[in-house]
Amino acid sequence: MSGQTPSQTVGPYFAYGLAAQQYHYPHGQIVDGEIVGEGADNRIRITGRVLDGRGEPIPDALIEFWQADSEGRYGAEGFGGFGRQGTGTDPNGRFVFDTTKPGATAGSAPFITIVVFMRGLLTHVYTRLYFADEEVANAADPVLATAPAERRRTLIASREKTAGGVQYRFDIHMQGEDETVFFDL
Amino acid sequence: MINAPVSQRDWNSHPPLIHPPYTSTVLRGPTKPLIPLAHGLAESSGPVFGHESVQALDGDMTRNARRNGEPLGERIVVTGRVLDEDGRPVRGTLIEIWQANAAGRYVHKTDQHEAPLDPNFLGAGRCVTNDDGGYKFYTIKPGAYPWGNHFNAWRPNHIHLSLFGNTIASRLVTQMYFPGDPLLALDPIYLGVPEGARERLISRFSIDVTEPDFCLGYVFDIVLRGRRETPFEGGKS
(Lines give C-alpha, C1' and ligand atoms only; values in the text may rest on other atoms or scores of the structure.)
Protein backbone atom coordinates (compact mmCIF):
# COMPACT_ATOMS: atom_id res chain seq x y z
CA MET A 1 0.00 0.00 0.00
CA SER A 2 1.43 3.34 -0.96
CA GLY A 3 0.34 6.90 -0.41
CA GLN A 4 -1.72 9.07 -2.72
CA THR A 5 0.23 11.05 -5.29
CA PRO A 6 -0.01 14.67 -4.15
CA SER A 7 -2.00 17.19 -6.11
CA GLN A 8 -0.27 20.20 -7.69
CA THR A 9 -1.78 23.31 -9.21
CA VAL A 10 -3.02 23.23 -12.79
CA GLY A 11 -1.00 26.46 -13.17
CA PRO A 12 -1.59 29.32 -15.58
CA TYR A 13 -0.74 27.45 -18.79
CA PHE A 14 -3.17 24.54 -18.92
CA ALA A 15 -5.17 25.85 -21.86
CA TYR A 16 -3.32 24.21 -24.75
CA GLY A 17 -3.14 20.94 -22.85
CA LEU A 18 -6.66 20.63 -21.43
CA ALA A 19 -8.87 22.99 -23.41
CA ALA A 20 -6.93 23.58 -26.63
CA GLN A 21 -9.85 24.14 -28.98
CA GLN A 22 -11.65 26.52 -26.67
CA TYR A 23 -8.46 28.61 -26.54
CA HIS A 24 -7.68 28.15 -30.28
CA TYR A 25 -4.53 26.08 -30.01
CA PRO A 26 -3.64 23.49 -32.65
CA HIS A 27 -4.41 20.45 -30.51
CA GLY A 28 -7.57 18.51 -29.81
CA GLN A 29 -9.45 18.47 -26.54
CA ILE A 30 -11.39 15.56 -25.14
CA VAL A 31 -14.46 17.52 -24.13
CA ASP A 32 -15.78 21.09 -23.97
CA GLY A 33 -18.64 22.98 -22.37
CA GLU A 34 -21.27 21.52 -24.67
CA ILE A 35 -22.48 18.52 -22.69
CA VAL A 36 -25.53 18.27 -24.93
CA GLY A 37 -25.67 19.50 -28.50
CA GLU A 38 -27.79 22.16 -30.10
CA GLY A 39 -31.40 21.21 -30.56
CA ALA A 40 -31.41 18.68 -27.72
CA ASP A 41 -34.59 18.56 -25.65
CA ASN A 42 -34.66 20.80 -22.60
CA ARG A 43 -31.26 22.22 -23.25
CA ILE A 44 -30.22 24.77 -20.63
CA ARG A 45 -27.26 27.09 -20.40
CA ILE A 46 -25.31 27.52 -17.17
CA THR A 47 -22.88 30.39 -16.83
CA GLY A 48 -20.91 31.85 -14.00
CA ARG A 49 -17.77 33.58 -12.95
CA VAL A 50 -15.11 32.50 -10.49
CA LEU A 51 -14.21 35.26 -8.05
CA ASP A 52 -11.19 35.71 -5.81
CA GLY A 53 -10.98 37.11 -2.27
CA ARG A 54 -11.21 40.66 -3.60
CA GLY A 55 -14.26 39.87 -5.68
CA GLU A 56 -12.25 40.06 -8.90
CA PRO A 57 -13.13 37.58 -11.66
CA ILE A 58 -10.47 34.89 -12.09
CA PRO A 59 -9.54 34.61 -15.77
CA ASP A 60 -7.51 31.41 -15.54
CA ALA A 61 -9.77 28.94 -13.76
CA LEU A 62 -10.75 25.59 -15.23
CA ILE A 63 -14.21 24.28 -14.39
CA GLU A 64 -15.50 20.74 -14.88
CA PHE A 65 -19.09 19.51 -14.63
CA TRP A 66 -20.13 15.94 -13.82
CA GLN A 67 -23.82 15.16 -13.83
CA ALA A 68 -26.61 12.67 -14.31
CA ASP A 69 -28.83 12.72 -17.38
CA SER A 70 -32.37 14.08 -17.28
CA GLU A 71 -33.57 10.80 -15.77
CA GLY A 72 -31.06 10.95 -12.94
CA ARG A 73 -28.78 8.26 -14.40
CA TYR A 74 -24.97 8.40 -14.33
CA GLY A 75 -22.99 6.99 -17.20
CA ALA A 76 -26.10 6.25 -19.25
CA GLU A 77 -25.60 5.23 -22.87
CA GLY A 78 -25.26 8.26 -25.12
CA PHE A 79 -24.87 10.80 -22.34
CA GLY A 80 -21.30 11.66 -21.36
CA GLY A 81 -22.36 13.87 -18.48
CA PHE A 82 -18.95 15.53 -18.33
CA GLY A 83 -17.91 18.98 -19.51
CA ARG A 84 -14.94 21.30 -19.19
CA GLN A 85 -14.51 25.05 -19.69
CA GLY A 86 -11.82 27.57 -18.90
CA THR A 87 -12.74 31.10 -17.87
CA GLY A 88 -10.19 32.69 -20.20
CA THR A 89 -12.08 33.09 -23.47
CA ASP A 90 -15.33 34.81 -22.48
CA PRO A 91 -15.06 38.62 -22.45
CA ASN A 92 -16.73 38.66 -19.03
CA GLY A 93 -14.61 35.85 -17.61
CA ARG A 94 -17.49 33.42 -17.49
CA PHE A 95 -17.62 29.69 -17.99
CA VAL A 96 -20.45 28.62 -20.24
CA PHE A 97 -21.95 25.13 -20.26
CA ASP A 98 -24.78 23.89 -22.44
CA THR A 99 -26.38 20.88 -20.92
CA THR A 100 -29.60 19.34 -19.78
CA LYS A 101 -30.99 19.66 -16.29
CA PRO A 102 -30.14 16.47 -14.42
CA GLY A 103 -32.97 14.42 -13.01
CA ALA A 104 -33.15 13.75 -9.30
CA THR A 105 -31.32 10.68 -8.04
CA ALA A 106 -32.74 8.71 -5.13
CA GLY A 107 -33.10 10.94 -2.12
CA SER A 108 -31.44 13.99 -3.68
CA ALA A 109 -32.52 17.15 -5.37
CA PRO A 110 -31.11 17.56 -8.91
CA PHE A 111 -27.52 18.78 -8.81
CA ILE A 112 -24.29 18.97 -10.78
CA THR A 113 -20.88 18.16 -9.29
CA ILE A 114 -18.37 20.91 -10.10
CA VAL A 115 -14.60 20.53 -9.97
CA VAL A 116 -12.57 23.74 -9.70
CA PHE A 117 -8.92 24.12 -10.75
CA MET A 118 -6.78 27.23 -11.07
CA ARG A 119 -3.40 28.78 -10.60
CA GLY A 120 -3.18 29.43 -6.87
CA LEU A 121 -5.08 26.29 -5.98
CA LEU A 122 -2.66 23.49 -5.11
CA THR A 123 -5.41 20.93 -4.66
CA HIS A 124 -8.63 21.10 -6.68
CA VAL A 125 -11.92 21.61 -4.87
CA TYR A 126 -15.42 20.30 -5.41
CA THR A 127 -18.76 21.98 -5.07
CA ARG A 128 -22.33 21.29 -6.12
CA LEU A 129 -24.75 23.31 -8.17
CA TYR A 130 -28.43 23.04 -7.20
CA PHE A 131 -31.28 24.70 -9.07
CA ALA A 132 -33.34 27.63 -7.75
CA ASP A 133 -36.55 26.23 -9.26
CA GLU A 134 -36.33 23.06 -7.12
CA GLU A 135 -37.24 24.63 -3.82
CA VAL A 136 -39.11 21.66 -2.40
CA ALA A 137 -36.50 19.10 -3.40
CA ASN A 138 -33.68 21.36 -2.22
CA ALA A 139 -35.30 21.71 1.19
CA ALA A 140 -35.20 17.92 1.57
CA ASP A 141 -31.72 17.34 0.13
CA PRO A 142 -29.42 15.66 2.67
CA VAL A 143 -26.20 17.17 1.32
CA LEU A 144 -27.53 20.72 1.20
CA ALA A 145 -28.61 20.14 4.80
CA THR A 146 -24.98 19.55 5.82
CA ALA A 147 -24.05 23.08 4.74
CA PRO A 148 -24.61 25.83 7.32
CA ALA A 149 -28.05 27.31 6.65
CA GLU A 150 -26.72 30.79 5.95
CA ARG A 151 -24.30 29.47 3.30
CA ARG A 152 -26.69 27.18 1.37
CA ARG A 153 -27.57 29.95 -1.05
CA THR A 154 -23.99 29.74 -2.40
CA LEU A 155 -24.90 26.33 -3.85
CA ILE A 156 -28.04 27.42 -5.67
CA ALA A 157 -27.97 28.64 -9.25
CA SER A 158 -30.43 31.40 -10.08
CA ARG A 159 -32.74 30.91 -13.02
CA GLU A 160 -33.77 33.26 -15.76
CA LYS A 161 -35.77 32.78 -18.88
CA THR A 162 -34.23 34.46 -21.90
CA ALA A 163 -35.15 34.58 -25.57
CA GLY A 164 -32.59 31.83 -26.09
CA GLY A 165 -34.08 29.53 -23.45
CA VAL A 166 -33.58 28.84 -19.78
CA GLN A 167 -30.33 30.05 -18.27
CA TYR A 168 -28.91 29.51 -14.85
CA ARG A 169 -26.30 31.65 -13.21
CA PHE A 170 -23.81 30.20 -10.72
CA ASP A 171 -20.91 32.31 -9.50
CA ILE A 172 -18.18 30.55 -7.54
CA HIS A 173 -16.69 32.67 -4.75
CA MET A 174 -13.36 31.28 -3.61
CA GLN A 175 -13.38 33.50 -0.52
CA GLY A 176 -15.22 36.36 1.14
CA GLU A 177 -18.63 36.84 2.67
CA ASP A 178 -20.23 34.76 -0.06
CA GLU A 179 -17.56 32.05 -0.08
CA THR A 180 -19.02 29.06 -1.88
CA VAL A 181 -19.46 25.88 0.12
CA PHE A 182 -16.81 23.39 -1.00
CA PHE A 183 -17.01 19.71 -0.17
CA ASP A 184 -14.39 17.20 0.86
CA LEU A 185 -15.37 14.24 -1.23
CA MET B 1 -19.10 4.17 -15.27
CA ILE B 2 -20.18 3.34 -11.72
CA ASN B 3 -17.58 2.03 -9.31
CA ALA B 4 -17.00 1.37 -5.65
CA PRO B 5 -16.64 4.54 -3.58
CA VAL B 6 -13.03 5.59 -3.20
CA SER B 7 -11.14 6.31 -0.02
CA GLN B 8 -10.90 9.80 1.40
CA ARG B 9 -8.56 12.40 0.10
CA ASP B 10 -5.50 12.13 2.34
CA TRP B 11 -4.68 15.63 3.53
CA ASN B 12 -1.32 14.39 4.76
CA SER B 13 -0.47 13.83 1.10
CA HIS B 14 -2.07 16.83 -0.61
CA PRO B 15 -1.14 20.49 -0.24
CA PRO B 16 -3.36 22.76 1.84
CA LEU B 17 -5.70 25.17 0.07
CA ILE B 18 -3.82 28.20 1.34
CA HIS B 19 -0.03 28.05 1.36
CA PRO B 20 1.19 31.65 1.73
CA PRO B 21 4.70 31.13 0.26
CA TYR B 22 2.84 30.45 -3.01
CA THR B 23 1.30 33.89 -3.08
CA SER B 24 -1.59 33.22 -5.48
CA THR B 25 -3.12 30.87 -2.93
CA VAL B 26 -3.75 33.74 -0.52
CA LEU B 27 -6.71 35.23 -2.41
CA ARG B 28 -7.79 32.06 -4.20
CA GLY B 29 -7.81 29.23 -1.69
CA PRO B 30 -11.07 28.70 0.20
CA THR B 31 -10.82 29.81 3.83
CA LYS B 32 -13.71 27.90 5.36
CA PRO B 33 -13.46 24.20 6.22
CA LEU B 34 -14.51 21.80 3.49
CA ILE B 35 -17.72 20.00 4.31
CA PRO B 36 -17.45 16.19 4.34
CA LEU B 37 -19.65 14.55 1.73
CA ALA B 38 -20.67 10.90 1.90
CA HIS B 39 -20.22 9.27 -1.49
CA GLY B 40 -23.33 8.51 -3.45
CA LEU B 41 -23.78 7.68 -7.11
CA ALA B 42 -22.36 11.00 -8.28
CA GLU B 43 -19.08 10.51 -6.43
CA SER B 44 -18.78 6.81 -7.24
CA SER B 45 -19.01 7.37 -10.96
CA GLY B 46 -17.01 9.38 -13.42
CA PRO B 47 -16.43 10.15 -17.05
CA VAL B 48 -14.89 7.48 -19.24
CA PHE B 49 -12.10 8.54 -21.57
CA GLY B 50 -10.23 5.52 -22.82
CA HIS B 51 -8.32 4.48 -25.90
CA GLU B 52 -10.79 6.19 -28.23
CA SER B 53 -9.65 9.57 -26.85
CA VAL B 54 -6.08 9.06 -28.01
CA GLN B 55 -4.67 9.24 -31.52
CA ALA B 56 -1.50 7.68 -32.85
CA LEU B 57 0.95 10.48 -32.08
CA ASP B 58 -0.68 11.77 -28.89
CA GLY B 59 1.80 9.87 -26.74
CA ASP B 60 4.82 11.24 -28.56
CA MET B 61 5.31 14.95 -28.09
CA THR B 62 8.57 14.80 -30.04
CA ARG B 63 6.49 14.04 -33.13
CA ASN B 64 2.97 15.35 -32.66
CA ALA B 65 3.71 18.96 -33.62
CA ARG B 66 6.54 18.75 -36.12
CA ARG B 67 6.54 21.31 -38.90
CA ASN B 68 9.99 21.32 -40.46
CA GLY B 69 12.17 19.15 -38.28
CA GLU B 70 12.67 17.64 -34.87
CA PRO B 71 12.09 19.59 -31.68
CA LEU B 72 15.22 20.81 -29.92
CA GLY B 73 16.29 19.56 -26.53
CA GLU B 74 16.89 16.35 -24.70
CA ARG B 75 14.55 13.57 -25.83
CA ILE B 76 13.19 11.51 -22.93
CA VAL B 77 10.72 8.71 -22.30
CA VAL B 78 8.49 8.76 -19.24
CA THR B 79 6.82 5.57 -18.11
CA GLY B 80 5.18 4.20 -15.01
CA ARG B 81 2.03 2.68 -13.62
CA VAL B 82 -1.16 4.22 -12.36
CA LEU B 83 -2.25 2.31 -9.28
CA ASP B 84 -4.73 2.86 -6.52
CA GLU B 85 -3.67 3.01 -2.88
CA ASP B 86 -4.16 -0.71 -2.54
CA GLY B 87 -1.80 -1.43 -5.40
CA ARG B 88 -4.49 -2.29 -7.94
CA PRO B 89 -3.78 -1.09 -11.49
CA VAL B 90 -6.06 1.67 -12.76
CA ARG B 91 -6.78 0.42 -16.26
CA GLY B 92 -7.77 2.32 -19.37
CA THR B 93 -7.57 5.72 -17.76
CA LEU B 94 -6.65 8.83 -19.68
CA ILE B 95 -3.60 10.92 -18.83
CA GLU B 96 -3.43 14.42 -20.29
CA ILE B 97 0.02 15.97 -20.42
CA TRP B 98 1.38 19.48 -20.94
CA GLN B 99 4.72 21.15 -20.37
CA ALA B 100 7.21 23.85 -21.35
CA ASN B 101 9.75 23.27 -24.12
CA ALA B 102 13.48 22.66 -23.60
CA ALA B 103 14.08 26.40 -23.22
CA GLY B 104 11.46 26.73 -20.48
CA ARG B 105 8.81 28.38 -22.64
CA TYR B 106 5.17 27.37 -22.87
CA VAL B 107 3.18 27.69 -26.07
CA HIS B 108 0.49 29.40 -23.97
CA LYS B 109 -0.17 32.92 -25.24
CA THR B 110 0.24 34.58 -21.87
CA ASP B 111 3.68 33.06 -21.24
CA GLN B 112 5.92 36.09 -21.70
CA HIS B 113 9.20 34.45 -20.64
CA GLU B 114 11.88 35.62 -23.05
CA ALA B 115 12.93 32.20 -24.25
CA PRO B 116 12.38 30.82 -27.73
CA LEU B 117 9.34 28.88 -28.84
CA ASP B 118 10.15 25.75 -30.80
CA PRO B 119 8.21 25.51 -34.07
CA ASN B 120 8.37 21.73 -33.82
CA PHE B 121 7.15 21.37 -30.27
CA LEU B 122 3.74 22.02 -28.78
CA GLY B 123 4.18 20.29 -25.43
CA ALA B 124 0.72 18.73 -25.16
CA GLY B 125 -0.09 15.04 -25.36
CA ARG B 126 -2.20 12.19 -24.05
CA CYS B 127 -1.94 8.53 -23.28
CA VAL B 128 -4.09 5.81 -21.75
CA THR B 129 -3.05 3.19 -19.22
CA ASN B 130 -2.96 -0.47 -20.27
CA ASP B 131 -4.27 -3.49 -18.38
CA ASP B 132 -1.40 -3.31 -15.89
CA GLY B 133 -2.01 0.38 -15.30
CA GLY B 134 1.12 1.08 -17.33
CA TYR B 135 1.64 4.14 -19.48
CA LYS B 136 4.46 5.64 -21.55
CA PHE B 137 5.08 8.83 -23.46
CA TYR B 138 7.95 10.43 -25.30
CA THR B 139 8.79 14.10 -24.95
CA ILE B 140 11.55 16.68 -24.62
CA LYS B 141 12.86 17.38 -21.14
CA PRO B 142 11.23 20.68 -20.11
CA GLY B 143 13.40 23.62 -19.10
CA ALA B 144 13.19 25.67 -15.92
CA TYR B 145 11.61 29.11 -16.16
CA PRO B 146 11.25 32.23 -14.02
CA TRP B 147 7.93 33.25 -12.52
CA GLY B 148 6.65 36.19 -10.56
CA ASN B 149 5.98 34.62 -7.18
CA HIS B 150 8.97 36.27 -5.48
CA PHE B 151 12.31 37.78 -6.42
CA ASN B 152 14.37 35.42 -8.60
CA ALA B 153 11.75 32.68 -8.46
CA TRP B 154 12.27 29.77 -10.88
CA ARG B 155 10.11 26.74 -11.40
CA PRO B 156 11.93 23.40 -11.36
CA ASN B 157 11.71 21.30 -14.52
CA HIS B 158 8.28 19.68 -14.48
CA ILE B 159 5.61 18.01 -16.57
CA HIS B 160 1.90 18.60 -15.82
CA LEU B 161 -0.29 15.50 -15.70
CA SER B 162 -4.08 15.26 -15.42
CA LEU B 163 -5.82 11.97 -14.59
CA PHE B 164 -9.37 10.77 -14.09
CA GLY B 165 -9.13 7.39 -12.40
CA ASN B 166 -12.31 5.43 -11.77
CA THR B 167 -14.53 8.13 -10.28
CA ILE B 168 -14.82 11.89 -10.27
CA ALA B 169 -13.47 11.71 -6.70
CA SER B 170 -10.21 10.15 -7.91
CA ARG B 171 -9.54 13.06 -10.27
CA LEU B 172 -5.96 14.28 -9.96
CA VAL B 173 -3.93 17.07 -11.51
CA THR B 174 -0.28 16.98 -10.55
CA GLN B 175 3.26 17.76 -11.68
CA MET B 176 6.13 15.35 -12.19
CA TYR B 177 9.61 16.56 -11.29
CA PHE B 178 13.11 15.30 -12.06
CA PRO B 179 15.64 13.83 -9.63
CA GLY B 180 18.42 16.06 -8.34
CA ASP B 181 16.82 19.35 -9.38
CA PRO B 182 18.31 22.07 -7.15
CA LEU B 183 15.24 24.27 -7.66
CA LEU B 184 12.96 21.84 -5.82
CA ALA B 185 14.21 23.01 -2.43
CA LEU B 186 13.23 26.58 -3.37
CA ASP B 187 9.89 25.99 -5.07
CA PRO B 188 6.79 26.94 -3.03
CA ILE B 189 4.52 24.84 -5.26
CA TYR B 190 6.52 21.66 -4.62
CA LEU B 191 7.09 22.64 -0.97
CA GLY B 192 3.33 23.09 -0.51
CA VAL B 193 3.11 19.29 -0.37
CA PRO B 194 3.43 17.88 3.17
CA GLU B 195 7.03 16.86 3.69
CA GLY B 196 6.47 13.12 3.92
CA ALA B 197 4.71 13.00 0.57
CA ARG B 198 6.88 15.30 -1.56
CA GLU B 199 9.23 12.70 -2.93
CA ARG B 200 6.32 10.93 -4.60
CA LEU B 201 6.37 13.74 -7.15
CA ILE B 202 9.96 13.13 -8.21
CA SER B 203 10.48 10.73 -11.08
CA ARG B 204 13.30 8.23 -10.99
CA PHE B 205 15.98 7.97 -13.64
CA SER B 206 16.20 4.41 -14.95
CA ILE B 207 18.91 2.96 -17.14
CA ASP B 208 16.56 0.07 -17.86
CA VAL B 209 13.95 2.36 -19.31
CA THR B 210 16.57 4.43 -21.11
CA GLU B 211 16.60 3.51 -24.79
CA PRO B 212 20.12 2.93 -26.19
CA ASP B 213 21.28 5.61 -28.63
CA PHE B 214 17.87 7.28 -28.39
CA CYS B 215 16.68 8.79 -25.10
CA LEU B 216 17.00 8.81 -21.32
CA GLY B 217 14.22 7.14 -19.36
CA TYR B 218 12.34 8.24 -16.26
CA VAL B 219 9.87 6.26 -14.17
CA PHE B 220 6.93 7.96 -12.50
CA ASP B 221 4.29 5.89 -10.73
CA ILE B 222 1.04 7.59 -9.81
CA VAL B 223 -1.19 6.51 -6.95
CA LEU B 224 -4.87 7.45 -6.98
CA ARG B 225 -7.34 7.02 -4.17
CA GLY B 226 -8.15 3.40 -3.31
CA ARG B 227 -11.39 1.71 -2.39
CA ARG B 228 -13.15 2.84 0.69
CA GLU B 229 -13.04 0.12 3.31
CA THR B 230 -14.81 1.68 6.23
CA PRO B 231 -17.96 3.76 6.26
CA PHE B 232 -17.36 7.46 5.92
CA GLU B 233 -17.37 9.07 9.32
CA GLY B 234 -15.33 12.18 9.69
CA GLY B 235 -14.22 15.05 7.58
CA LYS B 236 -10.93 16.72 7.02
CA SER B 237 -8.68 15.84 9.95
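B:I95 stands opposite B:C127 in β4(B). In β8(B), B:I95 has B:L163 as its bridge partner. The model is predicted, so local features need pLDDT of at least 70 and side-chain atom pairs count only at pLDDT 80 or more, while totals for chains, interfaces and linings use all residues. Residues are numbered from 1 along each chain as its sequence is written, and chains are lettered from A and ligands numbered from 1 in the order in which they are written.

Strands (E, at least two residues) and helices (H or I, at least four) are DSSP runs, numbered from the N terminus. Two strands pair if DSSP finds at least two bridges between them. The pairings of strands are listed here.

| Strands | Bridges | Sense |
|---|---|---|
| β3(B) and β4(B) (residues 124-128) | five bridges | antiparallel |
| β3(B) and β8(B) (residues 158-163) | five bridges | antiparallel |
| β10(A) and β1(B) (residues 35-36) | two bridges | parallel |

Six of the six residues of β3(B) (residues 94-99) are buried, so this strand is largely enclosed by the rest of the structure. A residue is buried if 20 or more other C-beta atoms, placed from the backbone, lie within 10 Å of its own. In a regular strand the side chains alternate between the two faces of the sheet. From β3(B), B:L94, B:E96 and B:W98 point one way, and B:I95, B:I97 and B:Q99 point the other way.

## Chain A

Chain A has two helices and ten strands, in the order α-β-β-β-β-β-β-α-β-β-β-β from the N terminus. Its radius of gyration (over C-alpha atoms) is 16 Å, close to the 16 Å that the globule rule gives for 185 residues, so chain A is as compact as a globular protein of that length. That rule is 2.2 Å times the number of residues to the power 0.38. Along its principal axes the C-alpha trace spans about 45 × 45 × 40 Å. Of the 185 residues of chain A, 51% are buried.

## Where the chains meet

Chain A gives 56 residues to the contact and chain B gives 65 residues; two residues are in contact if their C-beta atoms, placed from the backbone, lie within 7 Å. On the side of chain A, the elements that give two or more residues are α1 (15-18), β5 (111-118) and β10 (183-184). In the strand pairing between the chains, A:F183 stands opposite B:I35 in β1(B).

Methods. Buried ≥ 20, exposed ≤ 12 C-beta atoms within 10 Å, placed from the backbone.
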